[in-house]
Amino acid sequence: MKKNFLNLGKQPLANSFLSSNTKKNLSKEFFYNLRVAFDTDSYLVSVAKPVNPKLQYTDKYAHRASESITMRNAFSKIAKKLDNRFDPKIVMEIGSNDGVFIRNFNKRKIIAVEPCKNLADLTKQKYKTYPNFWTISLAKKIFLNSKKADIIFSANTISHIPDLAQTFDAINLSLSANGVLVIEDPSLLSVVKNNSYDQFYDEHVYVFSAIAISNVVKNSNLRLFDTEKIDTHGGSMRYYICKNNAKYKKTKNLIKIINEEKKANLNKFKTYEKFSKRVISSKYKLLKILKKIKKKNKKIISYGATYKSSTVFNYCNIGKKYIQYVTDTTINKQGKFTPGKHIPIISPDVGMNDTVDYAFLGAWNFKKEILKKEKKFIKRGGKFITHVPYPRIISK
Ligand code: DWN
């Protein structure tokens, strides 16, 4: 049974960066109710009513996974690790974005699946790329003329697909006998520990735990045999899944992580009720900080036009009154306006100038990389604001 525990209010699609802020354009903006639920049978945490994926994954998809050094390095590291551990002949990626993972492999090994046409266009010249949603019929089409996949990799994508049953059934059809599905997604344990409620938005239909993944894949005759904690995206988990009859044994690390999740009560509804109270308190604390700064006539901007910050700004009602503009390195976000709150987005080369007093860390998950990059800002007295794990000003 699904039980709602968090109400993040009316939200726009986190990817709907507006190209103009004319009244006519704003009136067409799509909003939905963002409520988050816990399933008392599978222990899955999900958006209560997911949005239609056809509205989300269009030919105007903004996010480029290769935009940060942290992620480029992380994908190159995991590619090497999978090559060494499993020696795959065929590697398929579901949700290949701009190719940041597949570019670490010989093109003859690669099959890429990416429903956003603008992204699929970026990789199709070099890699076999299917510009489609991941479905059973696509799996059948791909593997009619190809050997089955020894590795199916999918980072920050499976959590975006509402129909998990079809997703995992299609994966079962596509894996070789000892093939391995490797998925990476933000971890529920980190979300609960860090109070990072901004991991909930339309695209994050699910925030997985090892407990829930282990339950869900069973329905598709798959099993979870290994798990690793990884620090990308503010705390993620990497899951290794195989067919029921494959050769892999359950690892000690998996048992350890499941025990840790049980100790944190991720399988109990009361955990989420408490989490929801902490989210409300986070909202008021953040607003208090912003109001205090504004009273002193200081200039606040936001760093990174993230999808996560769309949840924060719309939930806390933070608009141009507080945040003058948002900086982002992604060229196709620059010159646009943030979803729902319509704050202008500009390049950091222009925006991170001497007039900025405070910068809200929209991309808090890249705090290390950003603080290293913005040493000059900090040296001259500039300060960052974050809401994770609790709202505060950081000066170092
Ligand atoms: O799952 C998803 C994750 C992985 O990526 C999505 N559905 C969409 C997207 O979510 P996000 O926007 O919250 O992700 P990021 O990776 O936290 O976005 C960082 C943004 O910040 C990018 O637009 C790039 C920008 N950035 C910047 O302007 N300066 C990043 C760094 C590190 C910087 O120094």
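Colleague: Which residue in β16 is the bridge partner of Phe-360?

Modeller: Phe-360 has Ile-385 as its bridge partner in β16. This is a predicted model, in which local features need pLDDT of at least 70 and side-chain atom pairs count only at pLDDT 80 or more, while totals for chains, interfaces and linings use all residues. Residues are numbered from 1 along each chain as its sequence is written, and side-chain values use heavy atoms, leaving out hydrogens and water.

Colleague: How many bridges link β15 and β16?

Modeller: Two strands pair if DSSP finds at least two bridges between them; strands (E, at least two residues) and helices (H or I, at least four) are DSSP runs numbered from the N terminus. Here β15 and β16 (residues 383-386) are parallel, with three bridges. Strand β12 (residues 300-303) also runs parallel to β15, with four bridges, and Ile-301 has Ala-359 as its partner.

Colleague: Are the faces of β15 buried or exposed?

Modeller: In a regular strand, side chains alternate between the two faces of the sheet. In β15 (residues 358-361), Tyr-358 and Phe-360 lie on one side, Ala-359 and Leu-361 on the other, and all are buried (under 20% relative accessible area, with exposed over 50% and partly exposed in between; 1.4 Å probe, protein chains only).

Colleague: Why is helix α11 described as largely enclosed?

Modeller: Ten of the ten residues of α11 (residues 307-316) are buried, so the rest of the structure largely encloses this helix. Its buried residues include Tyr-307, Phe-313 and Cys-316. After α11 comes Asn-317, with a positive phi near 60°.
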